[in-house]
Amino acid sequence: MSGAKSFLRDLDQAVSRGTAESRMRALWHTTDLMITGRYSEDEIWTFGEVIGRLADEIEVAARAQLARRLARFEKAPVNIIHKLAFDDSIDVAGPILEESERLEPYALVANVCTKGQPHMLAISKRETLEESVTDVLVTRGNSEVVNSVATNNGARFSDFGFLHMIQRAEGDSILAEQLGLREDIPRHLFQQLIAKATDDVRKRLERERPNMIDQIQSTVTDVAGELQSKFGPVSRGHFVAKRVVTTQHRQGNLNEKSISLYARSHRLEEVTIGLSLLCSLPSDVIERALHDRNRETLLILAKALDFSWETTMSLLFLGAKDHRITAKDLRDLESDFGRLNVETSRSVLEFYQSRKSIGDTYASPKRQAAVVQ
């Protein structure tokens with residue numbers, strides 16, 4: 001270690017007294033020595049100090065060459081890596097931002113927040129990206145950056161990141177398709193994407209991801225025998241409830257308050273009919289949403305109606321087995337509900353409504369009669 005420090009002092013003199021040519025030779029000599037040798041982290045740090053001082057004295061083209069050499073060096077000094085990553089010239093910063101494994105997520109986030117679009121584009125091409133990095137890329141990056149990170153299979157996105165990109169994809173069919181083709185997009189967010197997509201994009205995604213589309217359609221339209229066997233034929237009580245709730249709706253008195261009261265009183269028929277009227281969806285679709293273990297659809301419907309969490313919670317308890325939900329599941333559901341957006345949820349509801357005729361086709365005759373009565 002003392003030898004390295006002595007070398008540093010000698011180079012300080014070379015930097016201050018030497019010519020541009022001698023500084024360049026010293027830079028490449030030091031870099032070669034570091035890459036080919038076997039040194040401790042402290043010694044590597046010292047090399048970084050030396051290289052950093054030399055780098056301050058050389059032209060952009062030489063710094064870019066240095067960056068390309070160090071970008072793939074797994075033991076490159078963190079101090080010089082950071083210095084190069086924040087260089088104003090993208091020719092210098094680009095190789096480091098795109099390839100160096102020595103850059104921590106916090107450094108990448110700081111780079112996104114302080115540098116320009118070319119730096120963000122380089123970061124978007126990294127082999128892997130954590131959610132903390134993609135969150136800032138999709139909010140601060142231009143369309144080229146967002147499209148680049150969307151096609152990066154090594155990038156990981158939070159629900160916030162996906163939602164933000166879905167909003168930006170409304171006017172960008174290429175981005176919409178790229179998002180729809182990602183295997184890691186959650187189903188409820190894929191639903192929102194499909195609801196907002198153009199007809200051309202929707203058709204392409206239906207061809208490319210038929211399994212995902214089938215899942216969505218089954219959520220909206222699968223009213224097969226499971227519900228019929230569970231609830232049996234439509235009872236006289238159902239028709240009485242339908243008359244009461246329909247009259248309430250016609251008079252303009254069917255709202256969140258009345259739905260909440262029905263739910264807290266465990267009036268399943270009234271809740272089902274009321275939500276069916278408010279959402280313009282068949283009763284069977286509402287029944288399935290209430291009792292589906294996934295609960296995604298119910299959260300989306302409640303958010304689309306701009307219901308409060310308290311009302312949504314009463315609906316969740318109504319549909320839960322034995323009206324019980326664990327504290328952990330309830331916290332997770334509240335978090336999921338909080339992340340949903342009213343406008344995008346309404347777009348999903350419109351998507352459901354466009355499929356309701358399919359549900360009517362497969363509903364039993366008695367259920368069809370109940371829906372249209």
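A pocket is an open set of points, on a 1 Å grid over the protein atoms alone, with protein on both sides within 12 Å along at least five of seven lines. Its lining residues have an atom within 4 Å of a point. Grid points are joined across faces, edges and corners, and a volume is the space filled by probe spheres set on the points. The model is predicted: local features need pLDDT of at least 70, side-chain atom pairs count only at pLDDT 80 or more, and totals for chains, interfaces and linings use all residues. Residues are numbered from 1 along each chain as its sequence is written, and side-chain values use heavy atoms, with hydrogens and water left out.

The second largest pocket holds about 260 Å³ of space. Its lining comprises Ala71, Arg72, Phe73, Glu74, Glu98, Glu99, Ser100, Glu101, Arg102, Arg126, Glu127 and Thr128. By class, 8 of these residues are charged, 2 are polar and 2 are nonpolar. Here Ala, Val, Leu, Ile, Met, Phe, Trp, Tyr, Cys and Pro count as nonpolar, Asp, Glu, Lys and Arg as charged, and the others, Gly among them, as polar.

The protein has 25 helices and 0 strands. Both are DSSP runs, numbered from the N terminus (helices: H or I, at least four residues; strands: E, at least two). Of the 373 residues, 50% are buried. Buried means under 20% relative accessible area, exposed over 50%, and partly exposed in between (1.4 Å probe, protein chains only). The protein exposes about 18500 Å², and carbon and sulfur atoms supply 48% of that area. Areas come from the Shrake-Rupley method with a 1.4 Å probe; for residues, only the protein chains shown count as cover. Among contacts (heavy atoms within 4.5 Å) between residues at least 6 apart in sequence, 67% join residues at least 24 apart.

Tryptophan 45 lies in helix α3, residues 41-55. Tryptophan 45 is partly exposed because its relative accessibility is 45%. Isoleucine 80 is 35 residues away from tryptophan 45 in sequence, yet their C-alpha atoms are 8.5 Å apart.

Helix α12 (residues 173-180) is mostly covered, with 6 of its 8 residues buried. These are Leu175, Ala176, Glu177, Gln178, Leu179 and Gly180. Their cover includes α10 (143-150), α11 (159-168), α13 (187-196) and α14 (199-208). At the start of α12, a side-chain oxygen of aspartate 172 comes to within 3.2 Å of the backbone nitrogen of isoleucine 174. This is a polar contact: a pair of N or O atoms within 3.5 Å, where, within protein, one must be able to donate a hydrogen and the other to accept it, and residues adjacent in sequence count only if both atoms are side-chain atoms.

Threonine 272 sits in helix α19, residues 268-279. Threonine 272 is buried because its relative accessibility is 2%. Its side chain reaches the backbone oxygen of leucine 268 at 2.8 Å. Beyond neighbours within four places in sequence, threonine 272 contacts Ser283, Ile286, Glu287 and Leu290.

Most residues other than glycine have a negative phi. Serine 280 is not a glycine, but has a positive phi of about 55°. Serine 280 lies in the loop between α19 and α20 (283-291). With 36% relative accessibility, serine 280 is partly exposed. Arginine 295, also not a glycine, has a positive phi of about 70°. Its place is the loop between α20 and α21 (296-304). Arginine 295 is buried, at a relative accessible area of 17%.

Key
1 Å grid on protein atoms, 1.4 Å probe; cavity = no way out; pocket = protein on both sides within 12 Å on 5 of 7 lines; lining within 4 Å.
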